[in-house]
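Please open the structure in your viewer and keep the sequence beside it.

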Amino acid sequence: MVVRGLETMLRRYTDRVSVQALSTSGEIFDDVDIALYDSFANPPADHQIIADLAANGHVGKVVVYSWDASEPIAGAALTAGAAGFISKRLPAAKLVEALEKIHLAEGAPQSFSGSSSTAALNVGDWPGREEGLTQREAEVIALITQGLSNADIAAQTGLSINSVKTYIRTGYRRIGVTTRAQAVLWGAQHGFVPDRPRRDHPA
């Protein structure tokens, strides 16, 4: 659903970019210019996944795509082998420009951040959208489904604990649950289980 959402977002730029789904849980056999690693409910600085993609002969460059474009998160991803880091707050036109710049660039990795005022311009599908979940609510529900505590979710997403609690409360209301166990069951039944095991890295 995330891939379909990206395709929808970039539908006016098919003369410049082509989107195809690749899973980090399996082998990549087709050549791609850029492997866009979407951090939805995954660690945005998942070093080993990024390193594996960067080492794959079928992948030209690895770019991390995340809500959290803070310097520590972006820096860790670039150190792990990513050629670029792009904020999900960029509108479609700026996203395409950033991808093209990274694709054509030689030398130092590049990072592109976006303004919070442009976040609403991003369109597309994500798991739970049909149930009325916002992107942030969906990501928090996905992390709950994976067993993360509120503190873990705050640390991974860059949100405050109070914001995490707010997203949990509004998310629960939208999906019609009242407990964490019910939310985990709902998430497992609605495609919120990742397609690969989580990899946790020591600080």
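The stops below cover the sheet, the helices packed on it, and a loop residue.

The model is predicted: local features need pLDDT of at least 70, side-chain atom pairs count only at pLDDT 80 or more, and totals for chains, interfaces and linings use all residues. Residues are numbered from 1 along each chain as its sequence is written, and side-chain values use heavy atoms, with hydrogens and water left out.

Begin with the sheet. Its 4 strands are arranged in the order β1-β2-β3-β4, forming an open sheet with parallel pairing. Helices (H or I, at least four residues) and strands (E, at least two) are DSSP runs numbered from the N terminus, and two strands pair if DSSP finds at least two bridges between them. Select 32–38 for β1 and 110–112 for β4: these are the edge strands, each pairing on one side only.

Next, select residues 84–87, strand β3, which pairs with β4 in the parallel sense over 3 bridges. Here G84 stands opposite Q110 in β4.

Finish at N56, in the loop between α2 and β2. Is N56 buried or exposed? N56 is buried, because its relative accessible area is 17% (buried means under 20%, exposed over 50%, partly exposed in between, with a 1.4 Å probe and protein chains only). The side chain of N56 reaches the backbone nitrogen of H58 at 2.8 Å.

Technical notes: Polar contact = N/O pair within 3.5 Å; in protein donor to acceptor, adjacent residues only side chain to side chain.
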